[in-house]
Amino acid sequence: MAAKPGSAPVTYSPNLGQKTRPPIFKDNDLDWVRPDGRGFHQCRPAFFRTGAVNSASGSAYAELGSTKVIVSVFGPRESKKAMMYSDTGRLNCNVSYTTFATPVRGQGSDHKEFSSMLLKALEGAIMLETFPKTTVDVFALVLESGGSFITLVTGDLPVVISCASLALADAGIMMYDLVAAVSVSCLGKNLVIDPVLEEESYQDGSLMLTCMPSRYEVTQLTFTGEWSTPDINEAMQLCLDACSKLGKVMRTCLKEAASASQE
Amino acid sequence: MRGLQLPLSQTQRIRLQRALEKLQSLSCKANSDASVTVADTIPVNYEDALLKGHGTTDLNGDLVATVCGVVERINKLVYVRALRARYKPEVGDIVVGRVVEVSQKRWRLEINFSLDAILMLSSMNMPDGIQRRRTALDELNMRGIFEENDVVCAEVRNFQHDGSLQLQARSQKYGKLEKGQLLIVDPYLVKKSKQHFHHLEQFGIDLVLGRNGFIWVGEHVEARDSMVVDQANSSEQSMVPEEKNKTHTPLEMRQNICRIANAVRVLSTLGFSIDADLILETVELSSTVKIDIHDMLGSEFHVLVAEREAERRSLVGKRKR
């Protein structure tokens, strides 16, 4: 894509009309069986527990299938950098992977893209004006990754977001609502919810939706790949349904923890 | 993991469960209808003119909670008290803090609050006791009074307009705490009472219950009287603190400090409110049962303390009726 000499520099635009690989599903192929035997519109069973980390203000552990995430929240506490007075608080997110999180043992890395996506997802739900001049630190550690993290979206990020909102609720930080996140993959004409690594490698497009179930408000929406408009509508509807169910599971977890500690 | 994480044998588990159930049945506050999680609607009578307090917000005319906690109603005020939140300071509270930074004319202390608390040099009594204006020399000698990582006891003076906290240490009972242990428990376990400084005579130990959850257990120090001294005496007095540093704390005193500290740790793990009487009873229990100091943190002692507390509260309840 070399610019012709003497012309203004062109902006990069994708080369349309050239598919790099043939579609996996030739016809309406409904014979795809999911590796773990779920239905197409069935999420993995979720396990949540708060109070995982003693030394943190709030913490939560989440397990969805083989994805295991632990999130600890510190704060509100004094900002380390000397900051100008601000009448809203700051949220500082950090997502990191352990070295043993992926099937191939690699270098545990600090994901800046995931950290900024987590920040954007949680920002809309927290009442930042209740802790001015201070910072809330959210540290997410992925112990085992069920999805690929080579593609930016899907995989572990929905689990990280839901777990982080539980940890924030556990720390007593004021929020408008809990935040639940679900991802959907488009495999040909089929929509597959909560995809695993194998399904993600075959996908045509993916969508991650983060919403506040009780308020029916979306805080973050991420699309990648190829989508047709009717598929987009159907996928979003699926995600919203799944998020409200996930929200109920998270609430029961919080209620159990609260009733246990009231003794 | 939070909560009781002790290796309990089967009988110990049953005994502990029974004691905790008894305590729960005795407490009148077990009302699970009042607990809410984030974005739960709070049941209210909408015709009343309500005051929406902390932890609530308005959503389409409904009153909705923003934290996980228990709904409290006082007259027309409805608010949600969070189960686990930072310490909420009130003016006049006694707090124990650790010095984090020495800056211009003030010390910054870490108490268990969202911001660091500030102790101004002018809110601190000078070592020679004279009430005077603080000079530049005083400012340069601040490190001689408190350094980083010193434990200090002070009182909440007021809140600044931007939300930060100001402390004062104007009488002799406040100030630097030495020769002891600092314990950190949850702030809600230390309730407001008339006395936060306790001198346990039979052990010769000072106990300071800070309302922010920092508890100090240390050797008893006589409060120095703030007489005006002239230069000759001041040089004599400046030698005495050095000598005090060199005096060795006797082994028995250290053992007593550890015993009391372990008693506080056991009470905080079990979630009981901490006050001086309860600590003394726990220490007596440990000496009657002849438990070693390091065994106090084991499961058997935890179960014993829970059972004792259940008995004590049921006796108190019976006496009231």
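What pattern does chain A follow, read along the sequence? The answer is β-β-β-β-β-α-β-α-β-β-α-β-β-α. One caution before going on: this is a predicted model.

Let me stay with chain A. The count is four helices and ten strands. The chain has 263 residues, and 50% of them count as buried. Now the contacts. Take those in chain A with a separation of 6 or more: 67% come from residues 24 or more positions apart.

Next, helix α1 of chain A, residues 112-123. Twelve residues at 1.5 Å a residue should span 16 Å. The end C-alpha atoms are 16 Å apart, so the two agree. Which residues of α1(A) are buried? They are F114(A), S115(A), M117(A), L118(A), L119(A), A121(A) and L122(A).

Over to chain B. Helix α1 here covers residues 10-26, which is 17 residues. From first C-alpha to last, the helix reaches 25 Å, close to the 24 Å expected at 1.5 Å a residue. The buried residues of α1(B) are Q12(B), L16(B), A19(B) and L23(B). Look down the axis of α1(B): these buried residues fall within an arc of 65°, so they line one face. Recall the geometry. An α-helix has 3.6 residues a turn, so residues three or four places apart point the same way. Now turn to the face of α1(B) away from the buried side. Exposed residues there are Q10(B), T11(B), R18(B) and S25(B).

One more residue in that helix: Q24(B) sits in α1 of chain B. Its relative accessibility is 30%, so Q24(B) counts as partly exposed. How far apart in space are Q24(B) and A310(B)? C-alpha to C-alpha, the distance is 9.2 Å, while in sequence they are 286 residues apart.

A word on annotation. UniProt, in an unreviewed entry, places "domain: S1 motif" at residues 90-170 of chain B. In the model, that span is 11% helix and 46% strand. The end C-alpha atoms of residues 90-170 of chain B lie 18 Å apart.

Last, the interface. Chain B puts 27 residues into the contact, and chain A puts in 34. About 2700 Å² is buried between chain B and chain A. Carbon and sulfur atoms give 51% of that area. How many salt bridges does the rule find across the interface of chain B and chain A? It finds three. Here is a salt bridge to look at on screen: the side chains of D40(B) and K255(A) meet at 2.9 Å, N to O.

Technical notes:
Residues numbered from 1 in each chain as written. Chains lettered and ligands numbered in written order. Predicted model: local features only at pLDDT ≥ 70, side-chain atom pairs only at ≥ 80, totals over all residues. Heavy atoms only, no water. Helix = DSSP H or I, 4+ residues; strand = E, 2+ residues; numbered from the N terminus. Expected span 1.5 Å × (residues − 1). Buried < 20%, exposed > 50% of the residue type's maximum accessible area, 1.4 Å probe, protein only. Arc of directions from axis to C-beta. UniProt positions renumbered as here; feature names shortened; annotations may be inferred. Contact = heavy atoms within 4.5 Å. Buried area = accessible area lost by both parts, 1.4 Å probe. Salt bridge = Lys/Arg side-chain N within 4 Å of Asp/Glu carboxyl O.
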